[in-house]
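Here is a short tour for you to follow with the structure open beside you. Take your time and look up each part as it comes along.

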Amino acid sequence: MSKHFLSDTSVLLGRSLRHISRSMDTIITTAIMPIAFMLLFVYVFGGAINSGAGPYVNYLLPGILLITIASGISYTAYRLFLDMKGGIFERFQSMPIARSSVLWAHVLTSLVANLVSLIVVVLVALLMGFRSSASVLQWLAVLGILVLFTLALTWLAVIAGLSAKTVDGASAFSYPLIFLPFISSAFVPTASMPTPVRVFAENQPVTSIVNSIRDLLSGQPLGNEPWVAVAWCVGIMIVAYFFAMAVYRRKVS
Amino acid sequence: METKQLQEPAIYVRGLEKSYKELEVLRGVDFAVDPGSIFALLGSNGAGKTTVVRILSTLLSANSGAARVNGFDVFTQGASVRESISLTGQFAAVDEILTGRENLILVAKLRHLPSPRGIAEELLERFSLIEAAARKVADYSGGMRRRLDIAMSLIGNPPIIFLDEPTTGLDPQARLEVWQMVKELSKRGTTVLLTTQYLDEAEHLADRIGILHQGKIIVNGTLAELKAMLPPAKVEYVEKQPSLEDVFLAIIGDTATTTDVTAQETGKES
C-alpha cells in the first residue's frame, strides 16, 4: 500500500466530516425513524407485548439501535454516489494519492456519523425510561458489536454507492435492512411466532446481535450468542468488503 | 525530472485501441506532444477524446497500444504518471459543500505539499476568487467554478495538464478567461493537452492540432499545415460585420480580454 495511505485517508475523512457537520439534518433524519418506532412501540404497542421483566424500552432498545445503523448507512451510499457522479472522484483517482483511501474515508465517516446518531437515540431512550445495569466493560462490548455491525453494513453500502445508477437506487438498498429487525427478537420474543417465521427469525443475524446487546445491557450471563453475533458481523463485513473492492477495481480501471 | 525527459515527447501515444464490449471507440490512435506546447485534440461528440484523456490519466485501461506521459508508462507506472499530471475533467470536479479556499487546501494536502494555506491564498489571488473564497462552491457561477477547477489542477505545478473540454457550457466571457489561463500555463512551460469540439478554440490556442475521427487521428499538424492541405484561399472582399460575440462582449464592457485575444489572433496569422 502507498506510504501516504494514512495521511490521505485522514485528509479525506476531514473533508467528509465537514460535509456532515454542514448538513446535520442527515444525522437527525437518520435518528428520526428509529425514535419514531421506539415511541410507537413503547407507548402504543408495548403495553400488549409480554417481554418479561423490566420496562419494554429496555427490551426494545437493541433492535432500535440496529435500525438506526441500517438507516444511517443509506447516507454513506448516497455520499459515495454523489462523489462518483460529480467528477471529484475522478479528480482524486488521477492524483498521486493512495487510491483506496478514497473509500476508507467514506467508511470511517460512516462510522462516525452512525455513532453520533446512536448517541442521539440512546439519549432519547434514557428520557423514555431506559436504564442499564451494565458495567463500563459491558458498554464497551456493546460499542464493539455496534461498530462491527456498522462496518459490515457500511461495506454493503459501498457496493450500493459504487454500482447505483440513480440517487434513489443508492439509498433504496437499505430498506430491507431496516425491516430485518422486525422479523427477529428485536420487538417481540420469537417464541410466539409461527414455526417457519420463528426458524427464520432465530437464524438470521439480527436476533443474535440483538440478544447479545440485550444481555450485555441488562447484565445477564452471556452464552454463545455474542460469538455468533460477532461471527455474523465479521462474515458479512469480509464478504461485502471483497465485493466492494471488486466493484471498485472495475470502476477505476 | 523535467531535464531528463527533455528529448522525449511529454506525451507519446502509439497504436492505442479501446473498445467497450462491441463498440470500438479508439482504433489505433497515434500522436506525440512536445514539452511545453499546447496540443488540441479536436473531434465531434463521441469521437473518443475523453477516452484518450482518461487512459492517459490512468483512469481507464486500454486494450492495446503504448502510451507514455512524462516518460512514464501509463499502464505500468501509474503512480509516477499521476505525479506528473493534473486532470481537469469535462464537468468541474469541485466539492460543492466546501468553500473555494477549502477545495484548494484539500488538493494541496492531498498532493502532500508544505503550507497548503499559502498555496490556496496565492491561487485565490491569481484566479480572482478572493472575494468568493469563504463561500460554498454550490453558490458559484459556472465560470467561477471552472476557474476554481483549473486552479485546483495547477496545485503542485504538474508539468503536464489535461483539459477535457474546458470551455463546454461556459459563457463567452468565461471562455475567454479560460483561454487566457491556458496561454499563461503554456508560457510557464507546462505541456497542455486539451480536447475540444470548437474549431475556433483549437485555432486560437493550439501549437498543434490532431483531429480525432472514427477512432483515429486522421490529421495532425500545426494550424498552418492544416490550412495548407486545403486548396489555396481565394481573395474575396466582404464587409466585416461584428459577430454577436463581439457585440456581446463590447456591451458588457470586457474590452481588455477581447482586444488581447484579437491581437494574438492577428499575430498568429501574419
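The notes below look at a sheet, a contact surface and a helix in this predicted model.

## The sheet in chain B

Let's start with chain B, where four strands form an open sheet in the order 2-1-4-5, paired antiparallel. Strand 2 (23-33) and strand 5 (72-73) of chain B are the edge strands; each has a single partner strand, so one side of each has no neighbour in the sheet.

Further in, strand 1 (residues 11-20) and strand 4 (residues 64-69) of chain B run antiparallel and are joined by five bridges.

## Where the chains touch

Next, the two chains together: 22 residues of chain B are in contact with 19 residues of chain A. On the chain B side, helix 2 (78-84), strand 6 (85-88) and helix 3 (100-110) each give two or more residues. By class, that side of chain B has 12 nonpolar, five polar and five charged residues.

## Helix 10 of chain A

Helix 10 (residues 205-217) of chain A has 13 residues, which at 1.5 Å a residue should span 18 Å; its end C-alpha atoms are 19 Å apart, in agreement with that.

Helix 10 of chain A is mostly covered, with 12 of its 13 residues buried. Among them are A:Ile209, A:Asn211, A:Arg214 and A:Asp215. The buried residues of this helix pack against helix 3 (56-86), helix 6 (136-163), helix 9 (195-203) and helix 11 (225-251) of chain A. Just after helix 10 of chain A comes A:Gly219, with a positive phi of about 65°.

How values were computed
Residues numbered from 1 in each chain as written. Chains lettered and ligands numbered in written order. Predicted model: local features only at pLDDT ≥ 70, side-chain atom pairs only at ≥ 80, totals over all residues. Pairing = 2+ DSSP bridges. Contact = placed C-beta atoms within 7 Å. Nonpolar A, V, L, I, M, F, W, Y, C, P; charged D, E, K, R; others polar. Expected span 1.5 Å × (residues − 1). Buried ≥ 20, exposed ≤ 12 C-beta atoms within 10 Å, placed from the backbone.
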